[in-house]
Amino acid sequence: LSISLLLVLIINVVLQLLASIKLFYPAMRSASPAGSLAVILAVVASILPSSLQGAGGGIEGYFAESSFKQWQHLLAFAILLSGFLMLDAAFHHLAAFNALHPPAASPATALPAAIAWLINSM
């Protein structure tokens, strides 16, 4: 694995973890009971899917591709797949949260709404 590719993958995982906290933490926190343990659980639930995806990719790229052992490929695939399945569950939870608590209009949501209105009015 080249150093430049490894650096890009590390940056990708770090940015994905930060985005996961920003995106999923409010929804996960609202589903948790009050208390400091709930904050920790909400952060862990927010970053676990991205962490599993990064771990699966790291195992695949570093260990499995250098040794060609099929069991390592299977382990990496299982970890990566579990990360994607957990990400699906997190997006489902986020959609349910947004249905109950619609986000306030912001420039990020106003532009797509304006584009959709423009397309529908033609």
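This is a predicted model: local features need pLDDT of at least 70, side-chain atom pairs count only at pLDDT 80 or more; totals for chains, interfaces and linings use all residues.
**Largest pocket**

The largest pocket has a volume of about 300 Å³. Its lining comprises 14 residues, and those nearest the centre are L9, V13, G54, G57 and G58. Two elements each give two or more residues to this lining, namely α1 (3-30) and α2 (36-67). Sorted by class, the lining of the largest pocket contains seven nonpolar and seven polar residues, with no charged residues.

**Aromatic pairs**

The structure contains two aromatic pairs. F24 is buried, at a relative accessible area of 2%, whereas F91 is partly exposed, at 41%.

The rings of Y62 and F63 also form a pair; their centres are 4.9 Å apart and their planes stand at 85°, so the arrangement is edge-to-face, given that planes over 60 degrees apart fall in that class. Y62 counts as exposed, with 53% relative accessibility, because the exposed class begins over 50%. F63 is partly exposed, with a relative accessible area of 43%.

The accessibility of the paired residues is listed below.

| Residue | Relative accessible area | Class |
|---|---|---|
| F24 | 2% | buried |
| F91 | 41% | partly exposed |
| Y62 | 53% | exposed |
| F63 | 43% | partly exposed |

Technical notes. Residues are numbered from 1 along each chain as its sequence is written. Side-chain values use heavy atoms; hydrogens and water are left out. On a 1 Å grid over the protein atoms alone, a cavity is a set of points where a 1.4 Å probe fits but cannot get out, and a pocket is an open set with protein on both sides within 12 Å along at least five of seven lines; lining residues have an atom within 4 Å of a point. Grid points are joined across faces, edges and corners, and a volume is the space filled by probe spheres set on the points. Helices (H or I, at least four residues) and strands (E, at least two) are DSSP runs, numbered from the N terminus. Ala, Val, Leu, Ile, Met, Phe, Trp, Tyr, Cys and Pro count as nonpolar, Asp, Glu, Lys and Arg as charged, and the others, Gly among them, as polar. Rings of Phe, Tyr and Trp (its six-membered ring) pair if their centres lie within 6.5 Å; planes under 30 degrees apart count as stacked, over 60 as edge-to-face and the rest as tilted. Buried means under 20% relative accessible area, exposed over 50%, partly exposed in between (1.4 Å probe, protein chains only).
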